[in-house]
Amino acid sequence: MSIVAALCLADGIILAADSRLTICMKQADGSIIKKYNDNAIKVYRMKNKDIGILWCGDYKVGNLSIPQFMEFFGDKVCREDSIETVANKLNRYCKGNYREEILWLIAGYSDGEQYLYEVADDIVKRKNLMPNGYPGIGLTWEGEINISHKIINDDIPLKVNGKYLRGSDMPKMSLEDGIAFAKELLLQTCNEHDGCGGSIDVLVIRSDGIEWMEQKEAKEIPEI
């Protein structure tokens, strides 16, 4: 499993994900042995755009591993593509190629406005719209969601940067506090669920640029 999160705040968008990949190996007697690899990259920065993409789910699109697919897909994205166009292209190139299930989150800015799209089950959906149709501050999280769901829904405080912050504090969170809050939210799941773990990668997108706040060194993952 995975735990990934996209946090849209007043000053920027935060994409964060754990690094654990669960490898299920079927034995001769039909039993399944699970092994874990903590080198999976689940957050990507597009080559030609200030757009971030994260994923959770199966590790292959057709016969390509996620890193191979992202290298392929990056070449299909044009500089002039809107964020919505990138999301629709991603859906189109993945369509019919899933071995199981993959969910993608695509985020960025256009003309000063935040965009966050979800691509899953052949559906492209904008996630950061309020009921009134305008972009809003909020959190989208996927993967092993039970623990984070409780933290957010029960408004449980997390200690970050020497203070306690709750999900209800998001409208007034600074970008620095939002990064720490997202990391701690994911770490809570990693601490309590074997299927999630490893380091947390964090990509931050602002209206004037994009940068890594936490990024592990890429390492080869055994063929699955």
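Helices (H or I, at least four residues) and strands (E, at least two) are taken here as DSSP runs, numbered from the N terminus. What you have open is a predicted model, in which local features need pLDDT of at least 70 and side-chain atom pairs count only at pLDDT 80 or more, while totals for chains, interfaces and linings use all residues. Residues are numbered from 1 along each chain as its sequence is written, and side-chain values use heavy atoms, with hydrogens and water left out.

Along its principal axes, the C-alpha trace spans about 55 × 40 × 35 Å.

Next, select leucine 21, which lies in strand E3 (residues 21-26). Leucine 21 counts as buried (under 20% relative accessible area, with a 1.4 Å probe and protein chains only), because its relative accessibility is 6%.

From there, go to isoleucine 179, 158 residues away along the chain, where the C-alpha atom is separated from that of leucine 21 by 23 Å. Ile179 is among the buried residues of H4, including also Leu175, Phe181, Leu186 and Cys190.

Finally, select all of helix H4 (residues 175-192), whose end C-alpha atoms are 26 Å apart, in agreement with the 26 Å that its 18 residues should span at 1.5 Å a residue; that expected span is 1.5 Å times one less than the number of residues.

Methods. Buried < 20%, exposed > 50% of the residue type's maximum accessible area, 1.4 Å probe, protein only.
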